[in-house]
Amino acid sequence: MVNFKKLQVYWISIVLLPAFVKSISLDSTGSYKLVVAIDEKTAQNTITGYVENIKIGIQALSEALYSSTDSKFSIQDVDIVVPSHWDTAHDSAATTQYYQAADVKISHVHPVPSADNPNPCGRPGSAILLPYNFFDDPQNSTFGDIGKALLTQFARLRFGVWEEHGFPGDVKFPYFHKTLTGSDWEVNSCTDAPISGDFKNIEDDSDCSPTPGDEYPPVSQCRFLPSGEQTAKSSIMSYHYLESVDKFCDATTHDKQKPTPQNLFCRYKSITEIIQQTSDWKQATQPNNPSPVVFKVVKNSASPLLYFLLDGGISPVPSDVLSQISSTLINLVGDYTLENVLAAVGTYPPNLGDDFVTEVVPWTPFRDGRDQFIVAFNTTFGRKPGFKDLGGGLKEAVRIVTAKKHPSGAVILMVKTGTEPNTADLTPESDVLTQVLGSKVKIHAIEIQGSDIQPSIALERVVSKSEGIHFSVTPTTDLMEELGEFMKNLTTEIQSEIKFNQEYVLVRRDIINQNEPVDLKVNSRIRLFEAFVIPLSGMITGSPRFTWTNNGNHPDVMFAEMAQWGTTYTSNVAKVYYSASRIATVYPNILWDQFQYTCNDTQGECRMLVYIFAQAVDITTIPSVELSISTSAENNVVDMTFENSGSNLGTPFAIYAQLSQDRLPLMSSAHGFDVFAYVTHVDNSEVYVIRLTDDGLAVPDLSRDDGIFSGTFIPKSDGLHNIIVTAQYRVPPTTTNALNMSNPEISSSVGKLFPVDQIYFGCGQFGCSSIRPTVDFIVSQTLPMVEFKNVDKFKPIAHRVIDFSATPLDDFKILLEWTVPGVYLAEEGLVNVDSYSIKQSDDFFELLNNFDNAEYLIPPDEIPPPGDAWNHQSITFTYGEHADRYFALKAKTLRSGPNPLPSVVSVITGANVRSTVITTTTTTTTSRPITTSRTPAPPTRPPGTTTASTTEGVTTESVATSPKTSTRAPTTPRTTTPPTTPLKSTPSPFPSSTAEPTKHWFETREGIITISVFGGALLTLIVLGGGFYIWITKYR
């Protein structure tokens, strides 16, 4: 059950982006069609020929793509969208092309080139994000060869691959790297041949070459600057700016031991291996014959979308009446002043295999599709048998137009020519209203009405609530004059952006149990609210109501059963209760202390889905909040035969919700976020509640505090599933309003394009900016339905551990730490793993390629059982003598059934075990369960005996009986005088229930910090003089 208490709502401008609309297309020859769009709010670039520069860059991208993928892919067609206020030559007005749905987005708000792709590995994302000055000088770009620079981001976008280099000041992905037994520091990168060049200090241009055998890497300002002549061909994701480099690393050239993002997120696989596993590669089955890219420049249009929803069912309406309606619609598309209007036609009842609506004419501007529209209007009405679900058709039409994310909104023109006698099976009107209210959609309707045809008017309420126009037609013989006035108003509506006299704001969407409080605070004066109560389990036997019992300041709100489509009927689906109350007295807030109803559920577990919309007298204006939602499903279909935690994605099915304000990510570390996905099967009323988190555990969330909240869902059965995501924020009492310019969580430049000079990389010296919300808000939106197949073939696998670390202690001891993984099951949700295998080796590749045959660090029967998923667990192990070792872990589950799939090897970590280590500041490890709520079947957890369930992870100590010994003599570490200034405590890599959220990156002050990284040795971070960058020390 989700319970949002004391919700205070500011009236804010909310931009709902219901799903990542992937306008990019690919044909069987491997030819892409892209949309490149410039932000409408971006001032015109003063560079002469700026649009031509974009063309030069995209053409170079196509050539680099073709070369790097062995002639597999190229770019064929590109539409460039320029803002309406730019004085730029263009070919036509924009129709299907606009910024929100573009594949490449150019804007003044993007600080550096990056790709918007929340998937851990191997799946396509949403868009490439470029700063407005990226194309200022394509021949002398800050980022080197502009084609290959764009290719790095295109590879991130379409193939879900990552950089193959490190970043200055980054703990996970350091700029310099030394292997566990190596003696020399080297640049962290992946190449197929040595790269020659110089090591230069970016502050004074002095030489900073590594000293062979030195315990310390070069200073933090040291950069490796390759020389002009090179022989290396790969990898583009390491050195895209080198002329000789034009390939990605493949299985033979990829360096698996380097601590790069590609190795961490893609499980040590090369770029080429991942590309060859993508759906794009499988789709491109024919030879690619590249030609010059065909460009079209279009300018933004203010016209909204127009969707015709036509009743094609058998109707008793006289043919001459239908003919007059058809003629009126034909006249509309024939109006040459409307030639740029983008429209589509859908009809119901649908064809066999379609959901609610069958597409008759796809999205096409009037000027290009007049003949198609005329045929549709002449042949659709009164011809098709089948169940006429007007509610399902209209709800689907609303989903279709909102999914387009058109900035000017949309108009739906519904023509209804008859009724469905079996009204009990119609999709409830409330289902449509809850989607329409708060959206940028107006519904206009032409509805046949008469005693012999339609005894009541069905569409008047939903049209009125959307501020559309309802035209009720009586079966006379001359409708042209009356229809003419209706169409005149419609014509005016579709020539400019949709505006409303009174906008509805969603102020609460919640699942509430019986007698639970309903607390609502608002900072604007409410004039009207509308509430819907929909039973999810059990049946209401009495009228529900919001009650106020304390002092009587607020009257009770009574709900009545809602008439559906103009009539009251006994429905086969759950009844809907409704209240529309105008507030006579303006209250500073509205508080009901109880949601009261009687329920016939014998277990007393009735749950109600409650929507509350409101209109306000005055609206507080603050910057807009954007909610973008996507899933890991390609084309909204998931085959559970192949999807599990062993896939490149790392989870069977992921849901992502991205929150931003003024294009800056909202900080999840600002306590007060509740983000949930509500998933329902179309054939039943069970509701699964999935908490989405921004925890950076890569199952599936990639990084903390990037504004992307992620979660996993496993269906119980095949079929279509509806997904609604609700994000709510409540301001903590002491929150301040400030940009987070140096927050450790987001100071990393991972995912940001590297410039040639390597000085101002990523978001600059001070890291990327995120914003802390300053007011409460709630926003909710529906995704397109996702179809799950072969659920019975799903094989659960334990999640991969990505934060497995090894820290050497005094007296030949080693501390192993990790976050406990879990297993997602269809019936139980998230459950615990059953056991671990922990292996050791002095050979990295033995653990990677032959884990099962590697040596146990601890016998299986001596390893403590796993604790609750997402808690911290640790083991202290005594060697008794010095050693250089790599370690890896596998978690196992007994839930996989017969013929289980193999478990996934964790991140491989290494350490040098010695008798004495430098005194360091160690991290305090705490644990916080990351809850994934799921109803009606909440996850169960087997009892754990070694991991604390509150704040501290239990440490278990073991003694080695016969460890392998190293022939290398121990070395004496360099000593360092302890700092005199207080040392800032190092953030724990594990979640905490009491402290501020944990941090991937770090803030630096004077002192010494010990931390371990995957695939390599223990690193000691020596921070001097309050500087931003760090020195890195490795013990041997």
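**Following the charges**

A: Glu186 is partly exposed, as its relative accessible area is 34%. On this scale, buried means under 20% relative accessible area, exposed means over 50%, and partly exposed is in between (1.4 Å probe, protein chains only). Before we go on: this is a predicted model, where local features need pLDDT of at least 70 and side-chain atom pairs count only at pLDDT 80 or more, while totals for chains, interfaces and linings use all residues. Residues are numbered from 1 along each chain as its sequence is written, and side-chain values use heavy atoms, with hydrogens and water left out.

Who does Glu186 pair with? Its partner is Lys258, and the closest N and O atoms of this salt bridge are 3.3 Å apart. The two come from distant parts of the chain, 72 residues apart: Glu186 sits in strand 11 (residues 186–187), while Lys258 is in the loop between helix 3 (236–239) and helix 4 (261–265). Helices (H or I, at least four residues) and strands (E, at least two) are DSSP runs numbered from the N terminus. A salt bridge needs a side-chain nitrogen of Lys or Arg within 4 Å of a carboxyl oxygen of Asp or Glu, and that rule gives a count of 19.

Asp255 is partly exposed, with 26% relative accessibility.

Now for another pair. Arg399 and Glu396 form a salt bridge with closest N and O atoms 3.0 Å apart. Arg399 is partly exposed at 23% relative accessibility, whereas Glu396 is buried at 12%. Both lie in helix 9, three residues apart, which is about one turn of the helix.

Among the buried ones are Leu390, Val398 and Ile400. After the helix comes Lys405, whose phi is positive, near 60°.

Finally, the sulfur links. There are two disulfides, each a pair of cysteine sulfur atoms within 2.5 Å. Cys121 and Cys266 make one of them, with sulfur atoms 2.1 Å apart. The torsion about its S-S bond is about 110°, so this disulfide is right-handed. It links distant parts of the chain, 145 residues apart: Cys121 is in the loop between strand 8 (114–116) and strand 9 (127–131), and Cys266 is in the loop between helix 4 and helix 5 (271–275). Cys121 is buried at 0%, and Cys266 is buried at 1%.

Cys208 and Cys222 form a disulfide too, with sulfur atoms 2.0 Å apart. This link is right-handed, with 80° about the S-S bond. Cys208 lies in the loop between strand 12 (197–201) and strand 13 (222–226) and Cys222 in strand 13, so the pair ties together parts 14 residues apart in sequence.
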